[in-house]
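Colleague: May I ask you to take me through some details of this structure?

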Amino acid sequence: MALNKSMHPRNRYKDKPPDFAYLASKYPDFQKHVHTSLTGRVGLNFKDPEAVRALTCTLLKEDFGLSIEIPLERLIPTVPLRLNYIHWVEDLIGSIDGDETAVEGPRRGIDIGTGASCIYPLLGATMNGWFFLATEVDDICFNYAKKNVEQNGLSDLIKVVKVPQKTLLMDALKEESALVYDFCMCNPPFFANQLEAKGVNSRNSRRPPPSSVNTGGVTEIMAEGGELEFVKRIIHDSLQLKKRLRWYSCMLGKKCSLAPLKEELRKQGVPKVTHTEFCQGRTMRWALAWSFYDDVSVPSPPSKKRKMEKVRKPLSFSLLLPTVKLLQAKAPSIGCSAHGSLDVVTAWVEKTLTDLRVLHKRVPSGNAERSLFLTAVENSWIHVRQKRRDQRRQLRELPRAPPSEEVATGAGCTTPPPSSSSTQPFLFKCLTNMKLEGTGEGVKEEGDVTLQMHWVEGQNRDLMNQLCTYLKNTLLRLASNPQ
């Protein structure tokens, strides 16, 4: 059973998997690897390394504007999995929702063993403007990684360095003694030997065989002692470096590695430890993170009831083109000069959220959609009309009150919007997507717009339902009211 519904909530592929037919029509290099079944279903042979490489390169180009080259004899990364890891690092360092514990200034990270694709630095720099120190021990991977960074114009954000064999963090940071990094990432070699890499004695006999081809050089997929010993070496380095990095993290290929590594961190007295799981397609991976800082915010581990939970559809409503055009005609009144349907609706949604004092921030999205990450800290959308009537009544009664009482009552004053540094607990967080419908055949700027709200976390889902209804009614009211 596919695990896409358990992807990170901000993963762009969670509710919208790649459209192979559309990508094949747009990218000839990808089209030659696509096949159509007798039932008309478009598919890809994931056992073919050239097909897997074509998919990775195509997704990076289409969704992130990145052009990369990967040799077939080196590891070919899957984009949804790497994106899950990037989003989890965002959660760790608090770079999305204005976490008060977040560090000001540019974010700096280390990718241990960046690989030929250099995918983590490329995604982190493109999506978030992060600075990266990317290390690599393999000559071929180093040359390709450096070339991929240069041809995407990201040399000012990503520094690729060649390091000696078995170098992890200590030697790599000798020349960077003055810097404190926000995090490190690592996709360690999962296997201890060739037999383990082929699944002998390391894979449950009841599990089906892997659905995709296993590519990668020796240094990328195998290490002495496998991933367990490899990560223990990183833990050993972290015990010496300590607060040189705010967060240390590693991906794991086996769930059974989690418990002994967490026990090792407990024995060493590491104060902050957490873990997560990455779900995509038929594949699951796990990740471990730890910190020596007392002030970092620790994301909660995934719920054990994940598999029992019923998948909930996002809340949604649509604005038809005539309604969108009415909103477009009134857009200059809020300082919006955009003409496209998507940008106009997004501007009105942002204006409404600002009026409601709902924290919101744009996050990366595709060409035919806009995405906002919302954090609601107070219920400001319930009984809004009643509040307006009460406010008008107070204003009418204001002249009758003594001058000294005007200041005391504060009648007519509005509550200032909460700052991102507020310590007030939030009600809920959600991802809101505005999508332009009917864009499968060519790019256009006008059309119906669908708004979807995806629950992330919080106290009560009914609050998100109320906000969704309020947004819908407000946008329809704004469109129907005369200028």
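Predicted model: local features only at pLDDT ≥ 70, side-chain atom pairs only at ≥ 80, totals over all residues.

Modeller: Residues are numbered from 1 along each chain as its sequence is written, and side-chain values use heavy atoms, with hydrogens and water left out.

Colleague: At what angle do H11 and H12 pack?

Modeller: Helix H11 covers residues 321–330 and helix H12 residues 341–355; helices are DSSP runs of H or I with at least four residues, strands runs of E with at least two, numbered from the N terminus. Their axes, lines fitted to C-alpha atoms over the stretch in contact, are 9 Å apart. The angle between N-to-C directions, on a scale from 0 to 180 degrees, is about 65°.

Colleague: Is Cys-118 buried or exposed?

Modeller: Cys-118 lies in the loop between strand E3 (108–112) and helix H5 (119–128). Its relative accessible area is 0%, where under 20% is buried, over 50% exposed and in between partly exposed (1.4 Å probe, protein chains only). Cys-118 is therefore buried.

Colleague: What is the phi of Arg-357?

Modeller: Most residues other than glycine have a negative phi. Arg-357, in the loop between H12 and strand E11 (359–363), is not a glycine, yet its phi is positive, at about 65°.
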